[in-house]
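Reader: I'm new to this one, could you show it to me and then take a few questions?

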Amino acid sequence: MLKKLFKSFRTPLRRGKATHSSPEVLNRSQHPIERGEISRYAISVVERLQNAGYQAYLVGGCVRDLLLDIEPKDFDVATSATPEQVRAEFRNARIIGRRFRLVHVHFGREIIEVATFRANHDAEEENSNLAQRNESGRILRDNVYGTLEDDAQRRDFTINALYYDPSTERILDYANGVHDIRNHLIRLIGDPTQRYQEDPVRMLRAVRFAAKLDFDIEKHTAAPIYKLAPMLGEIPAARLFDEVLKLFLAGYAVYTYDLLVDYGLFAQLFPASAEALRHNPEYTDQLIRNALDNTDLRIQQGKTVTPAFLLAALLWPALPARVLKLQERGMPPIPAMQEAAHELINEQCKRLAVPKRFTIPIREIWDMQERLPRRSGKRADLLLENPRFRAGYDFLLLRESAGEQTGGLGDWWTRYQDVSDSERRNMIRDLSSKDESASGPRKRKRSNNKRKRNPASDNSTSSGE
């Protein structure tokens with residue numbers, strides 16, 4: 001499909017302004033998008049707004065993905081209608097958001113997101129009551145409405161400034177997005193430093209698109225990232241958590257991780273893990289990489305992925321040193337694990353607002369790592385019945401895959417799950433025998449026929465004790 005697109009449309013890249021006042025136009029014969037590939041609800045929203053006298057287009061990622069022969073996850077609409085005007089056209093619509101006011105039009109389980117054209121940030125001084133920035137330039141609210149041309153200028157990346165009209169089946173390209181798709185480039189519209197200052201999350205979006213599409217980040221777009229990475233500290237922790245899920249749960253987590261580390265962004269998201277990466281690079285990198293690789297594989301196979309397990313892996317390398325410190329102060333292993341886990345998770349939640357539905361299983365998975373070596377008596381069977389056993393066992397195997405030495409604990413638990421009850425009893429007895437031989441000969445019990453002690457001596461302590 002890309003060959004068809006780029007063979008028929010080879011307009012040279014214009015220099016100068018990031019966007020054009022008049023767009024390059026791809027007619028139906030010049031692009032591969034078919035109406036049948038598009039949600040009928042999205043087409044219905046666009047055409048209904050057009051029939052009501054408004055401009056309306058499919059925009060952004062859905063157009064980009066269709067050009068790349070990728071099935072879009074959702075369809076977004078940009079329009080000249082205000083949120084109130086959109087809501088007036090659709091009974092099944094509701095206005096959401098404060099920072100960006102949008103309209104969600106509901107069709108059963110499918111939601112079409114509709115945004116009003118927004119103005120170029122250069123014209124915001126006279127609209128300061130609508131477009132608010134903090135001291136570093138980050139946009140706090142952005143509800144300044146404008147023209148289609150303004151909207152194209154405001155968009156973050158050139159490959160997302162593509163507008164498709166399903167009525168005429170034409171694509172409008174204001175920022176040479178087609179050129180950058182052809183050359184596999186992620187390029188910001190406008191001055192990169194200013195655009196990152198307006199919204200530092202754009203640095204994460206650049207990485208996410210580069211990993212998803214297997215594109216390169218254009219050199220001027222990449223240049224400020226390392227220096228500006230600390231600005232992510234200004235972003236609300238809840239928003240960063242959502243961005244991390246998008247980064248790591250889309251099927252290309254390993255490449256995403258590499259880019260985050262290269263650009264200094266990983267340390268802003270997971271400071272304790274980045275510290276572990278510096279102090280114990282080989283083990284930390286291998287464990288994280290194995291966890292992300294397993295996540296990508298499960299997504300490719302259509303299997304479920306739990307953020308709790310992945311976050312447990314990303315944070316684990318920072319945990320053992322903290323546990324050891326507490327044990328050196330005299331705290332027993334399991335309480336030490338629990339205290340260190342509580343401390344680490346609390347620190348992490350200041351960066352990413354990880355919900356309790358994930359922090360609780362993270363702690364339980366870690367807690368299992370201290371319990372799995374304790375298999376004597378009935379403990380093994382009780383652990384096997386624990387609802388967190390499988391996650392804890394999988395995590396144990398992950399640790400071993402990164403080179404951690406556990407004395408064959410993973411193999412033991414693998415076999416224990418597969419054998420019969422009688423064989424399990426033998427495994428426990430063998431384990432007890434090994435423990436006894438390792439600890440030396442057992443002490444003989446004192447005979448019950450020993451002479452009774454003098455009651456008077458009960459209140460004294462010998463100098464040898």
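Author: A term to begin with: a salt bridge is a side-chain nitrogen of Lys or Arg within 4 Å of a carboxyl oxygen of Asp or Glu. Please keep in mind that this is a predicted model.

Reader: ok, which residue does Arg-371 form a salt bridge with?

Author: Arg-371 pairs with Asp-367, and the closest N and O atoms are 2.6 Å apart. The two are four residues apart in helix α19 (residues 356–371), so about one helical turn separates them.

Reader: and is Asp-367 buried or exposed?

Author: Asp-367 is buried, with a relative accessible area of 14%, whereas Arg-371 counts as partly exposed at 30% relative accessibility.

Reader: how many salt bridges does the structure hold?

Author: The structure holds 26 salt bridges. One of them joins Arg-425 to Asp-381, with the closest N and O atoms 2.9 Å apart. Arg-425 belongs to helix α23 (residues 421–439) and Asp-381 to helix α20 (residues 379–385), so this pair ties together parts that are 44 residues apart in sequence.

Reader: what is Leu-265 in contact with, beyond its neighbours within four places in sequence?

Author: With those neighbours left aside, its contacts include Met-203, Leu-204 and Val-207, as well as Ile-225 and Leu-260.

Key. Residues numbered from 1 in each chain as written. Predicted model: local features only at pLDDT ≥ 70, side-chain atom pairs only at ≥ 80, totals over all residues. Heavy atoms only, no water. Contact = heavy atoms within 4.5 Å. Buried < 20%, exposed > 50% of the residue type's maximum accessible area, 1.4 Å probe, protein only.
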